[in-house]
Amino acid sequence: MAILYALVARGSVVLAEFSATSTNASAIARQILEKIPGNNDTHVSYSQDRYIFHVKRTDALTVLCMADETAGRRIPFAFLEDIHQRFARNYGRAVISARAYAMNDEFSRVLSQQMEYYSSDPNADRINRLKGEMSQVRNVMIENIDKVLERGDRLELLVDKTANMQGNTFRFRKQARRFRNTVWWRNVKLTAGLVLLLLVIVYVVLAFVCHGLTLPTCLK
């Protein structure tokens, strides 16, 4: 899975989060939230091992995700933009005074669904390219996490690769099942079309033959 962890926060107060695998990314994400410099809107990425923490802060609302480095930057930031819009639209000004995890029960499901979508559905990247809304991502530099965390404070990132592999297997089976269903429906439609075409041909032939005969002969 390309995106393994995500959260939404106001400052350092986490309002909702979800992890697709067993990992301590949550603890590292909190360290990043506390250390991000300034209060201005920002797009920034920090690398640790094979994973990258992508951060988008807009209007004091911070959305963060941890993704495999192979995911690049465009898809994770498209995910963050999507999550930011959904969260702001759903909760509005309630975000200003919300307590920690106030939206977690409801919004963690949204995080899970969108993480799955942006990690496995090719339409996610295709739609993003068509919109052309992520041009600013090209300017986002991926810095080592030591830039924001002191080396002595930095936690070792732990990711359960077995759980991740199981998730990949599940998605592969799901995609294979979807492909088989698509092929089956295509065959059904093709067969129905051929049957309909055959019936039309038979009808035309019978009508032509009947028209060529005399009425008494046709009635017989």
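Visitor: Leaving aside neighbours within four places in sequence, what is Phe87 in contact with?
Guide: Phe87 is in contact with Val8, Leu15, Ala16, Leu61, Gly92, Val95, Met103 and Phe107, with neighbours within four places left out. Keep in mind that this is a predicted model.

Visitor: Which residues touch the most other members of the largest nonpolar core?
Guide: Val8, Phe79, Phe87, Phe107 and Leu111 do. That core has 26 residues.

Visitor: Which strands and helices each supply at least two residues of this core?
Guide: Three strands do: E1 (3–10), E2 (13–19) and E5 (61–68). Helices H2 (74–91) and H4 (104–120) do too.

Visitor: And which gives the most?
Guide: H2, with 7 residues.

Visitor: What about a second core, what does that include?
Guide: Tyr5, Val14, Leu33 and Phe53 are among its members. This core is separate and has 18 residues.

Visitor: Switching to rings. How many aromatic pairs are there?
Guide: The count comes to 5. One of them is Phe79 with Tyr118, and this pair is edge-to-face. The centres are 5.9 Å apart, with 75 degrees between the planes.

Visitor: Where do Phe79 and Tyr118 sit in the chain?
Guide: Phe79 is in helix H2 and Tyr118 is in helix H4. They are 39 residues apart, so the pair links distant parts of the chain.

Visitor: Are Phe79 and Tyr118 buried or exposed?
Guide: Phe79 is buried, and Tyr118 is buried as well.

Visitor: What does Tyr91 pair with?
Guide: Phe107, in an edge-to-face pair. Here the figures are 6.0 Å centre to centre and 70 degrees between the planes. Tyr91 is in helix H2 and Phe107 in helix H4, 16 residues apart. Both Tyr91 and Phe107 are buried.

Visitor: Which residues form an aromatic cluster with Phe79?
Guide: Tyr117 and Tyr118.

Visitor: Where is Ile201 found?
Guide: In helix H6, which covers residues 161–212.

Visitor: Why does Ile201 count as partly exposed?
Guide: Because its relative accessible area is 44%. Buried means under 20% and exposed over 50%, so Ile201 falls in between.

Definitions and conventions
Residues numbered from 1 in each chain as written. Predicted model: local features only at pLDDT ≥ 70, side-chain atom pairs only at ≥ 80, totals over all residues. Heavy atoms only, no water. Helix = DSSP H or I, 4+ residues; strand = E, 2+ residues; numbered from the N terminus. Buried < 20%, exposed > 50% of the residue type's maximum accessible area, 1.4 Å probe, protein only. Core = buried A, V, L, I, M, F, W, Y, C linked by side-chain atoms within 4.5 Å. Contact = heavy atoms within 4.5 Å. Phe/Tyr/Trp six-rings, centres within 6.5 Å; stacked < 30°, edge-to-face > 60°.
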